[in-house]
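Here are my notes on this one, as promised. Have a look at the model first, then read through the points below.

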Amino acid sequence: MTTATTRHHERRISPVFLVILAVMAVTGWAVWTDFAASPGLAVFLFVTSAWVVSLCLHEYAHARAALYGGDITVGAKGYLTLNPLAYTHAVLSVVLPVLFVIMGGIGLPGGAVFIEQGRIRGRWKHSLVSAAGPLANVLFALVCTAPFWLGALDGVPVAFRYALAFLAFLQVTAALLNLLPVPGLDGYGVVEPWLSYGVKRQIEPYAPYGFFLVIALLFVPAVNAAFFDAVDALMRSLGVPEPTRYCGSQLFRIWQEAPESCRVR
């Protein structure tokens, strides 16, 4: 009885997550109904809270896949409650990605739930645990862009279109960055189980620096252009015009005046 009660408690949705979800719902309603005095502030709060929700779902997907793979400790660590405060590095997992969105408008992969790899049996399950997080971002992007690729934009307010487009852009950038086969990112976790022991030993000393290397490379003009060209191509394939995403990012930046073409009033 005690074990069953404990397991139920370990999987109960955290009040912290519910508060963030409520903020997303209320601010999303404010954007949709044009209720807010400042549409930019409503878009900012909606996108930021929705981005944090997606970060929680990303880490939950990792934990859930790990539970399926054999790591029964993820529940006791609080990873199945969707509570961002339970993550191994709360600052890296939530605060830093939010700051990157605010400063640069890019979906930065967050840090981490601690998975006991020794409990995961089989290379495919190891790969699935790593892939689960970025796949959650992909699904979130598909939901955000559904009105666009389904041709169901009639009745969707302009400001809400802008917000959805920018939020989808963050999901796409986060998924692409995280799926790079670079040590420290989920993409490397997908391929690592299939590498030889010798190759893994050679790569291991560089693992702590892989993430920072990717960020540094994004400041190289040629790399930056190639990356965002790929993002824009994916967004267009999802039916989202580049001006719509651009206006979403401009409305999000409440600390500066949006261009005339992006104003909704």
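Is Leu82 buried or exposed? Keep that in mind; point 1 takes it up.

1. Leu82. This is a predicted model, and I'd start with a loop residue in it. Leu82 sits in the loop between H3 and H4, and with a relative accessible area of 9% it is buried; the cut-off for that is under 20%. The backbone deserves a look too: phi of Leu82 is near 65 degrees, a positive value in a residue other than glycine. Most residues other than glycine have a negative phi.

2. Asp71, in that loop as well. Asp71 also belongs to the loop between H3 and H4. Its relative accessibility is 0%, so Asp71 counts as buried. What surrounds Asp71, once its neighbours within four places in sequence are left aside? The contacts are Ala66, Phe114, Ile115, Glu116, Arg119 and Ile120.

3. The overall fold. Stepping back, the protein has 11 helices and 0 strands. From the N terminus on, the elements read α-α-α-α-α-α-α-α-α-α-α. The radius of gyration is 19 Å, close to the 18 Å that the globule rule gives for 265 residues, so the protein is as compact as a globular protein of that length. If you want dimensions for a figure, the C-alpha trace spans about 55 × 55 × 35 Å along its principal axes.

4. Burial, surface and charge. Of the 265 residues, 48% count as buried. The accessible surface comes to about 13400 Å², and 69% of that belongs to carbon and sulfur atoms. As for charge, there are 17 positive and 14 negative ones, and their mean positions are 10 Å apart. On contacts, take the pairs at least 6 apart in sequence: 72% of them join residues at least 24 apart.

5. The nonpolar core. The largest nonpolar core holds 71 residues, and Val47 and Trp51 have the most contacts inside it. Which elements give two or more residues to this core? They are helix H2 (15-33), helix H3 (39-69), helix H4 (90-104), helix H5 (123-149), helix H6 (158-178), helix H9 (210-217), helix H10 (221-237) and helix H11 (242-252). H3 supplies the largest share, 15 residues. For a close-up, I'd centre on Val47: not counting residues up to four places away in sequence, Val47 touches Ala163, Phe166, Leu167, Leu170 and Phe252.

6. Helix H11. How many of the 11 residues of H11 are buried? The count is 8, so H11 is largely enclosed by the rest of the structure. The buried residues of H11 are Thr244, Arg245, Cys247, Gly248, Ser249, Gln250, Leu251 and Phe252. Two of these names come up elsewhere: Phe252 is touched by Val47, and Arg245 is in contact with Asp232.

7. Asp232. That brings us to Asp232 itself, which has its place in helix H10. At 16% relative accessibility, Asp232 counts as buried. Leaving aside neighbours within four places in sequence, Asp232 is in contact with Glu242 and Arg245. I'd show these side chains together in a panel.

8. Thr173. Thr173 is part of helix H6, and its relative accessibility of 0% makes it buried. Residues up to four places away in sequence aside, Thr173 touches Ile106, Gly107, Phe227 and Val231.

9. Two partly exposed loop residues. Ser38 lies in the loop between H2 and H3 and, at 34% relative accessibility, counts as partly exposed. Glu192 is in the loop between helix H7 (186-191) and helix H8 (197-203), and is partly exposed with a relative accessible area of 32%. The C-alpha atoms of Glu192 and Ser127, 65 residues apart along the chain, are separated by 7.8 Å.

Conventions
Residues are numbered from 1 along each chain as its sequence is written. This is a predicted model: local features need pLDDT of at least 70, side-chain atom pairs count only at pLDDT 80 or more; totals for chains, interfaces and linings use all residues. Side-chain values use heavy atoms; hydrogens and water are left out. Helices (H or I, at least four residues) and strands (E, at least two) are DSSP runs, numbered from the N terminus. The radius of gyration is taken over C-alpha atoms; the globule rule is 2.2 Å times the number of residues to the power 0.38. Buried means under 20% relative accessible area, exposed over 50%, partly exposed in between (1.4 Å probe, protein chains only). Contact means heavy atoms within 4.5 Å. Accessible areas come from the Shrake-Rupley method with a 1.4 Å probe; for residues, only the protein chains shown count as cover. Lys and Arg count as positive and Asp and Glu as negative; His and the chain ends are not counted. The place of a charge is taken as NZ of Lys, CZ of Arg, CG of Asp or CD of Glu. A nonpolar core is a set of buried Ala, Val, Leu, Ile, Met, Phe, Trp, Tyr and Cys residues joined through side-chain atoms within 4.5 Å.
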